[in-house]
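Okay, thanks everyone, let me put the structure up.

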Amino acid sequence: MSKTFYIETFGCQMNAHDSEKVIGTLEHEGYAQVQDEADAGLILYNTCSIRDKAEQKVFHRLNEYKRMQGEGKKFAVIGCVAQQEGEKIFEKAPYVSIVSGSASYRNLPDMLARLEAGETRITGLDDRQTNETFETEFTSRTNPHRGYITIIEGCDKFCAYCVVPYTRGKERSRTADSVLAEARRIADSGYTEIQLLGQNVNSYADPSGKKSFAELLEAVGTVPGIRRVRFTTSHPRHFTKDIVEVLDAVPTLCDHVHLPVQSGSTDVLKAMAREYTRDWYLERIAWIKAAKREISITSDIIVGFPGETEEDFEQTATLLGEVGYDAIYAFKYSPRPNTPAITMADSISEELKVDRLKRLNDIQRDLQRISYNRHLGQTMEVMVEGHNRQRGQVIGRSSQNKTVNFTTTQPILPAPGSYVNVRITQTFPNSLVGEAA
């Protein structure tokens, strides 16, 4: 087998960062990454099982490339679908050689050695109860301007609709010292923005007992050279007032909180096993709105959960106006394997789910059109992420995580990762337009 590899990543930002660490590990083991699967000796799919379509894509891709088996190529399915389906993947796709969940990534060097020795069915599926995290100094960072750090892996929440606790294992946090050492390495490499990651990032519990989540935020925010710190995703049950206090106190912490609500109905929240009420959630929103800084709020919402009535849906719709989200990521409920919700009578038709999703997105679009207007005439600091040469615009992001497209009179366009002050001259529901100040 040629020691070259191709990796395709499906799903969330956690998966994307996992792939950065997997790539770094492979490279450290002597493998070279290629950009075309036809040139690879080992093809890896880092999979997501949050929604059914992502799962289907993986098996479609495997079927598409099984013809390559005869060329001596090896295949690995890693991540959430690997953990969810386990050894059944070998039955569905006998040409796959490695099936590994994310909790076993630290064992990749051993799995690769076994593959090179000729083993054909190698699994990493038994580590969901581990207390160890996947820490490596060999991360291959693909984002040129933002460095990601996973501070907590797994999930203990067992929300009724969610497969993550079954695929990523129990919650386990890295020590604050380990996180800060990585933050310093990132800063020393020239990065100025860090994003802390976790399924429930604010459930962070320092194994050494040195720092709370808020204290860790402050410490990362004061690493020399770092200008922006983001974190995602927070859980309302662990969103404490000291998080808002530290956002106010440390200017490098971005003024943006992603706080998934999932439903505006207390009855649906109870059925989802979210373990908070609408009022509990709104109390935390009130803390954020009482901050000295204007903090942007975004959220995730599921429509069509089993038993959701029209009244329940209306409570979600009214929540949008009450909170004033700057963006929502709304999805139709889809049953996931092993979850409690799969046994619930799914009384909501696909047609009604589609209708509710459209109505919710329409309401949010109208609210965002009004909300984004407040930025007209403001000057904001924008980190450059790229260029749209056809439009003659620079593409960037504000501290509030809003897309800003702007023009500049400078003959040389600002480089990705640089910061530019931009005066906002036009607003759209999902982006801002401006001119370099």
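So, the second largest pocket: its volume is about 270 Å³. Before I go on, this is a predicted model, where local features need pLDDT of at least 70, side-chain atom pairs count only at pLDDT 80 or more, and totals for chains, interfaces and linings use all residues. Residues are numbered from 1 along each chain as its sequence is written, and side-chain values use heavy atoms, with hydrogens and water left out.

What do I mean by a pocket? On a 1 Å grid over the protein atoms alone, a pocket is an open set of points with protein on both sides within 12 Å along at least five of seven lines, a cavity is a set of points where a 1.4 Å probe fits but cannot get out, and lining residues have an atom within 4 Å of a point. Points are joined across faces, edges and corners, and the volume is the space filled by probe spheres set on them.

Back to that pocket. It has 18 lining residues, and D326, A327, I328, Q368 and N430 lie nearest its centre. The elements giving two or more residues to the lining are β13, β14 and α13, and α13 gives the most, with five. Helices here are DSSP runs (H or I, at least four residues), as are strands (E, at least two), numbered from the N terminus. By class, the lining has five nonpolar, nine polar and four charged residues; Ala, Val, Leu, Ile, Met, Phe, Trp, Tyr, Cys and Pro count as nonpolar, Asp, Glu, Lys and Arg as charged, and the others, Gly among them, as polar.

Buried means under 20% relative accessible area, exposed over 50%, and partly exposed in between, with a 1.4 Å probe and protein chains only.

Next, α11, residues 278–289. Which of its residues are buried? R278, Y281, L282, R284, I285, W287 and I288. They pack against α9, β12, α10, β13 and α12.

Now the cavity. The count comes to one cavity of 30 Å³ or more. The largest cavity is lined by D18, K21, S102, Y105, F134, E153 and R168, which by class is two nonpolar, one polar and four charged.

Q84 sits in helix α3, and it counts as buried because its relative accessibility is 11%. Its side chain makes a polar contact of 3.4 Å with the side chain of S49. A polar contact is a pair of N or O atoms within 3.5 Å; within protein, one must be able to donate a hydrogen and the other to accept it, and residues adjacent in sequence count only if both atoms are side-chain atoms.

Then H387, in strand β15. At 25% relative accessibility, H387 counts as partly exposed. A polar atom of the H387 side chain lies 2.8 Å from the backbone oxygen of P414. Leaving aside neighbours within four places in sequence, H387 also touches residues including Q393, I395 and L413.

Definitions and conventions:
Contact means heavy atoms within 4.5 Å.
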